Amino acid sequence: MSEFLQHLINMLVLGGTYALLGIGLTLIFGIMNVVNFTHGVLYTFGAYIMFIVVQQLGLNFFLALPVAVLAGWLLGAAIELTLLRPLRGSDIDTTMLVMIGAWIAMQSGTLWIWGGVAKSVATPFPEAPLVLGSVSVSWLRLFVLAAAAMLILVTYLLINKTSLGRAMRATFQDHDTASLMGVNVDMIYTSTFAIGSSLAAAAGALLGPVYVIFPQMGDLAAVKAFAIVILGGLGNITGAVIGGFILALAEELGAGYVSSGYRDAMGFLIIIAVLIFRPTGLFARAERVG
Amino acid sequence: MTRTLGLVGTIALATALCGGAVQAQTIKIGVNEPLTGAFAASGTYVVNGAKIAADEINAKGGILGKKIELVIEDNKSNPTEAAAVAEKLITSDKVPVLMGAWGSSLTLAVMPKLMEYETPMVVETSSSGKITTTGNPFIFRISPPSAVEAAAFKGIVDKLAPKKVDFLVINNDWGRGTAEDFSKMMKEKGITIGLVETMDQGAQDMSAQLSKIKGSDSETVIVTTAVDQLTLIFKQAAALGLKKRIITTGGSQNPDQIIAQAGAAANGTMHLTTFLPWFPDKTPNPEATNYFITEWKKRGFEFAGCTESFRGYDGIRTAAAAIEKAGKAEPAAIKAALWDINIKGLNGNIVFRKSGPEGKESGQSQPNVYLIEINDGKVEMKTL
């Protein structure tokens, strides 16, 4: 029983960060119809910003987090302005190829700057874990869970309670009509991509110190983010949050009670099942086609 | 147009001639290591060690009157890439001998290419038993196979007296091979084998596996993987409150990197290693060890890398010794000469003995294995 509880705690902590990874990606896909292959690199980028600010500049850990979010925002805006804006209106394949190119170029860039050897970031949290009866969890991971929950809440409020969010949702439903109603669609696209990117960077900044930081760290993260997005339904933020926790649960229980060798396969088994039985995702709304 | 073509032709010819001229002046050794991906840290260390050996040999005038040139390729920690890189080194760079490919799965992927092109390879790190038992006569291994590690561990097992042991190993030929060889040895000693958990080579979160191990009634866990994953495991085990004796195998732990990155979580952990850079006087060849460590520090590399980089150093010296003995830089001659060399490695004499099915034996050298323990952030030696 205590082992099961420990798995559940692990699932909560892992699920929070998976959710954060998923919403950034689903937001961009839903509103812009762009498959963002740079999501994983932006995640890596956020982690390296933590490394620079905390380890190389010696500044405060908590200060580094907003810096990483801001840096992700700026890099995302730069990608949107230089790569995506000129391609607006071209087909999804062209955009996809350009994004794959950007992914490879940026990943090679991180390798070139920081090398392939993993880096770690010191945190102000005590090494001794919080022990509750028979289960224990590290303070750092609790902090990561809380920060992820807060970021998810902020994103939710931004989309549902602000005028920018209303304009984003309008663009998501029909960008031509939104444009006719006076929504600056170009601005919405840039903001959306920047927000999605800053969420990826935030996830990297939070998880970098938990794990180790290396140029390819974003690859597995991106694959999981895609899995979560498919699970939750493309463009569905609530779906991505729930999808994140479902993936974490499947991985934890799969590794704990089936076979640890197939841990990372669990997520994909679920995706296959979802694609067969509910191809629009578990939580997709009915969408108007054409 | 004709002039342009003529010019291009001249340049091409000149380049070809220059290339030929350079080739004649150096002897190439192919290096096939993971410089990116999951094993980037380890592969980079090995390559840096290899460069020290090449520079040392070249400073003394090279071999057969020529300088040696390392042709270094990145196998990206990926078996498919490792095979492709080996093919490129042999067919395009025309190297007569290779060193590689760090991981067992990477080396196993390269092995058919060695058969195809009849080119020998010095295996510097891989420890899966399969490498020297499947009948590939182009393999010459200087690292200990996991069965040798397990045999060396036999002595300490009596002192530690474990009753039940769990395994957490990387899910590839190295990890599974180690679990098999160590289980066999311990079962003979009457020790119960509990869980055998695996993890993907790129996995960053092992909490699920560790939670399962925490719930078992074993008191010892044998962990096999490379340094980056080990760091994560120690941190995550501490966070889960896992209080079992952890012993790592494989010699790719880089204890100093673990101490730096895992901090207090590394205290009390034990490691089977194949080199003692902390205690040069206790190594089989103190003079060479001291030279190597001094040179490593002089180049500004992290001391932590020594436990891996020495393999690159020994590997290149092994290949160079064979080329010298062969008297020519040709694959068949080097392969034959590898059987006759006897050089002083940093971890014992490198002499190849036959291993595997008769008629197509691989070469296997017998290096030393040591057990160390991390206490209060320092490395201590355990006597076996």
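Among contacts in chain A (two residues are in contact if their C-beta atoms, placed from the backbone, lie within 7 Å) between residues at least 6 apart in sequence, 76% join residues at least 24 apart. This is a predicted model, in which local features need pLDDT of at least 70 and side-chain atom pairs count only at pLDDT 80 or more, while totals for chains, interfaces and linings use all residues. Residues are numbered from 1 along each chain as its sequence is written, and chains are lettered from A and ligands numbered from 1 in the order in which they are written.

**Chain A overall**
- Chain A has 11 helices and two strands, where helices (H or I, at least four residues) and strands (E, at least two) are DSSP runs numbered from the N terminus.
- Of the 290 residues of chain A, 52% count as buried, a term that requires 20 or more other C-beta atoms within 10 Å of the residue's own, with 12 or fewer making it exposed, anything in between partly exposed, and C-beta atoms placed from the backbone.
- Along its principal axes, the C-alpha trace of chain A spans about 60 × 50 × 35 Å.

**Helix 5 of chain A**
- The buried residues of helix 5 of chain A include L140(A), V144(A), L151(A) and I159(A).
- Among the elements that cover the buried residues of this helix are helix 1 (2-32) of chain A and helix 9 (227-239) of chain B.

**Domains of chain B**
- Chain B is divided into domain 1 (24-144 + 286-364) and domain 2 (147-279 + 370-382), with bounds that come from an automatic or database domain assignment.
- The C-alpha centres of domain 1 and domain 2 of chain B lie 27 Å apart.
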